[in-house]
Amino acid sequence: MFALVDGNNFYVSCERVFDPRLEGVPVGVLSNNDGRFVARSAELKALGVKMGTPAFQVRDLIRQHRVRVLSSNYTLYGDMSARVVQTLREFAPEVDVYSIDESFLGLRGLEHLGLAAYGRGIRSAVKDWVGIPTCVGIGPSKTIAKLANRAAKQVPEFGGVCDLSDPVLRDRVMQTIPVGDVWGVGAASARKLEALGVLTAADLRDVDRRQVRQVLTVVGQRVVDELRGISCLPLELVTPQQKALAVTRSFGRTVDAWEPVREAVVTYATRAAEKLRHAGLAASYVQAFCHTNPFSADPQHHGVAHLALLEPTSDTFEIVGAAVACAQRAWRRGFRYGKAGVILDGLVRPERAQRSLLGPARDPEKSARLMAAMDAINGRLGRNTVYLAGAGRPEQREWKTRFDRLSPRYTTSWDDLPVAR
DNA sequence: TCTGGGGTCCTAGGACCC
DNA sequence: TCTGGGGTCCTAGGACCC
């Protein structure tokens with residue numbers, strides 16, 4: 001048996017823990033660049049604001065209903081997420097952290113406690129200890145636990161915990177869930193299934209396995225098995241080694257010159273190299289892209305280029321050099337670019353990296369010492385204390401992403417510590 | 001004026017081998 | 001006129017997730 005514990009309106013709930021004035025009123029959290037709504041309180045959902053709605057499209061509604069709108073405060077959400085996980089580990093020996101606001105728990109050997117009661121215990125502990133409201137779904141496969149969680153969120157009678165280990169209740173719930181809401185069935189698959197008359201989760205469970213394999217490949221077949229209660233997706237108790245890493249961002253406004261694009265790519269590549277070292281990994285390939293704004297009427301261009309590094313590395317200078325070389329090939333005169341990104345691929349543990357006959361591009365000893373010094377300085381004194389000149393001066397970066405309504409980093413910065421009176 | 005970011009997995013098709 | 005069969009490896013692109 002699996003349980004899925006999922007934070008309700010997670011980002012909004014994090015904000016509410018530290019600002020109780022946000023309780024009971026419509027609250028929304030925006031994506032990067034203050035673009036779209038990525039989290040909505042129940043009150044905001046009730047006003048009809050959908051997930052992913054661009055903020056500017058509902059400006060009047062926001063003003064009319066005094067919606068509290070916030071930029072994403074990822075530092076805060078990441079820290080709150082870690083606290084939730086820590087609490088869950090007190091309750092279950094097996095915790096599979098699936099996303100920032102969701103964890104699967106293995107319930108083997110805990111059945112004698114009564115699974116629904118167990119779920120209610122977890123729920124109230126997370127609320128009491130961390131301050132985050134959650135819902136708990138229970139089922140014999142991850143996919144069914146997901147369905148149960150959805151039911152727990154949508155049907156008030158469940159009181160936030162839905163146990164679908166009973167096949168009769170499970171069938172009843174499955175008949176009410178549209179096929180597109182099943183985990184693993186996206187828009188494209190939903191369209192194909194609906195054309196075949198498969199409309200609900202129950203329909204999908206009962207569909208012929210070979211037929212679904214033809215239409216949706218093995219991925220769809222796995223979903224069907226999971227819906228039948230055959231667990232195909234095991235708990236991932238150790239995080240598998242990361243394979244790729246990206247830093248991509250929309251600009252605060254579009255730019256047509258090369259220099260700002262280069263500055264952005266240097267900045268993103270620098271950040272990517274930091275993340276890489278933090279994970280203790282080295283990258284084999286570097287990729288950079290720049291895109292025009294797809295929503296504008298301007299001429300469109302999506303430029304991309306990649307480069308294989310001589311040897312896997314986590315050296316900022318090497319990665320920045322490769323990223324700029326890529327960006328130079330991707331960028332074209334005469335376009336207004338709105339977004340750029342750097343992607344590192346082929347991540348390996350440095351000690352297992354394939355070496356080159358031509359030797360490393362930089363002295364590994366010196367590089368390691370220099371990178372450690374840079375990381376230490378920026379770690380202690382702030383992110384932009386030392387940076388590459390090619391990134392431009394932070395206060396003069398015209399392309400900088402917008403975060404106009406950022407809340408304080410209540411839990412991770414001394415300067416932002418809440419004051420109690 | 002204004003529209004997110006960071007990941008994984010699967011498949012098809014090309015390049016290559018004997 | 002007529003040109004094989006059986007593999008592996010890699011990558012781009014699509015689909016999906018939160």
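Colleague: Which atom of Val 185 lies 3.2 Å from a phosphate oxygen of DNA strand C?

Modeller: A backbone N or O atom of Val 185. Keep in mind that this is a predicted model.

Colleague: What about Ala 188, backbone or side chain?

Modeller: Backbone. An N or O atom of the Ala 188 backbone lies 3.0 Å from a phosphate oxygen of DNA strand C.

Colleague: And Ser 99, what does it reach on DNA strand C?

Modeller: A sugar or linking oxygen, which lies 2.9 Å from a polar side-chain atom of Ser 99.

Colleague: How many residues are around DNA strand C, and which come nearest?

Modeller: There are 14, and those that come nearest are Ser 99, Asp 101, Lys 146, Gly 184 and Ser 189.

Colleague: Which part of DNA strand C is within 4 Å of the protein, sugar and phosphate or bases?

Modeller: Sugar or phosphate, with 100% of the atoms of DNA strand C within 4 Å of the protein.

Colleague: Which elements supply at least two residues of that surface near DNA strand C?

Modeller: Strand S5 (94-99) and helix H8 (187-195). H8 gives the most, with three residues.

Colleague: How does the surface near DNA strand C split by class?

Modeller: It has six nonpolar, five polar and three charged residues.

Colleague: Now DNA strand B. How many residues surround it, and which are the closest?

Modeller: DNA strand B is surrounded by 24 residues, and the closest are Asn 32, Ala 246, Thr 248, Arg 249 and Ser 250. Of the atoms of DNA strand B that come within 4 Å of the protein, 69% belong to sugar and phosphate.

Colleague: How far is the backbone of Thr 248 from a phosphate oxygen of DNA strand B?

Modeller: A backbone N or O atom of Thr 248 lies 2.5 Å from one. For Ser 250, a backbone N or O atom also lies 2.5 Å from a phosphate oxygen of DNA strand B.

Colleague: Which elements give two or more residues to the surface near DNA strand B?

Modeller: Helix H10 (209-227) and strand S9 (244-255). S9 gives the most, with seven residues.

Colleague: And by class, what does the surface near DNA strand B have?

Modeller: Nine nonpolar, eight polar and seven charged residues.

Colleague: Where is Arg 66?

Modeller: Arg 66 is in the loop between helix H3 (59-64) and strand S4 (68-70).

Colleague: Is Arg 66 buried or exposed?

Modeller: Exposed, because its relative accessible area is 62% and the cut-off for exposed is over 50%.

Colleague: Last topic, the surface patch. Which residues form the nonpolar one?

Modeller: Tyr 74, Phe 403 and Leu 406, with about 270 Å² of accessible area together.

Colleague: Where is Leu 406 found?

Modeller: In the segment after helix H13 (364-381).

Definitions and conventions. Residues are numbered from 1 along each chain as its sequence is written. Chains are lettered from A and ligands numbered from 1 in the order in which they are written. This is a predicted model: local features need pLDDT of at least 70, side-chain atom pairs count only at pLDDT 80 or more; totals for chains, interfaces and linings use all residues. Side-chain values use heavy atoms; hydrogens and water are left out. Patches are made of residues with over 30% relative accessible area and no salt bridge: like charges are joined within 9 Å, nonpolar side chains (Val, Leu, Ile, Met, Phe, Trp, Tyr) within 5 Å. Accessible areas come from the Shrake-Rupley method with a 1.4 Å probe; for residues, only the protein chains shown count as cover. A salt bridge is a side-chain nitrogen of Lys or Arg within 4 Å of a carboxyl oxygen of Asp or Glu. Helices (H or I, at least four residues) and strands (E, at least two) are DSSP runs, numbered from the N terminus. A residue is near a molecule or strand if one of its heavy atoms lies within 4 Å of it. A polar contact is a pair of N or O atoms within 3.5 Å; within protein, one must be able to donate a hydrogen and the other to accept it, and residues adjacent in sequence count only if both atoms are side-chain atoms. Ala, Val, Leu, Ile, Met, Phe, Trp, Tyr, Cys and Pro count as nonpolar, Asp, Glu, Lys and Arg as charged, and the others, Gly among them, as polar. Buried means under 20% relative accessible area, exposed over 50%, partly exposed in between (1.4 Å probe, protein chains only).
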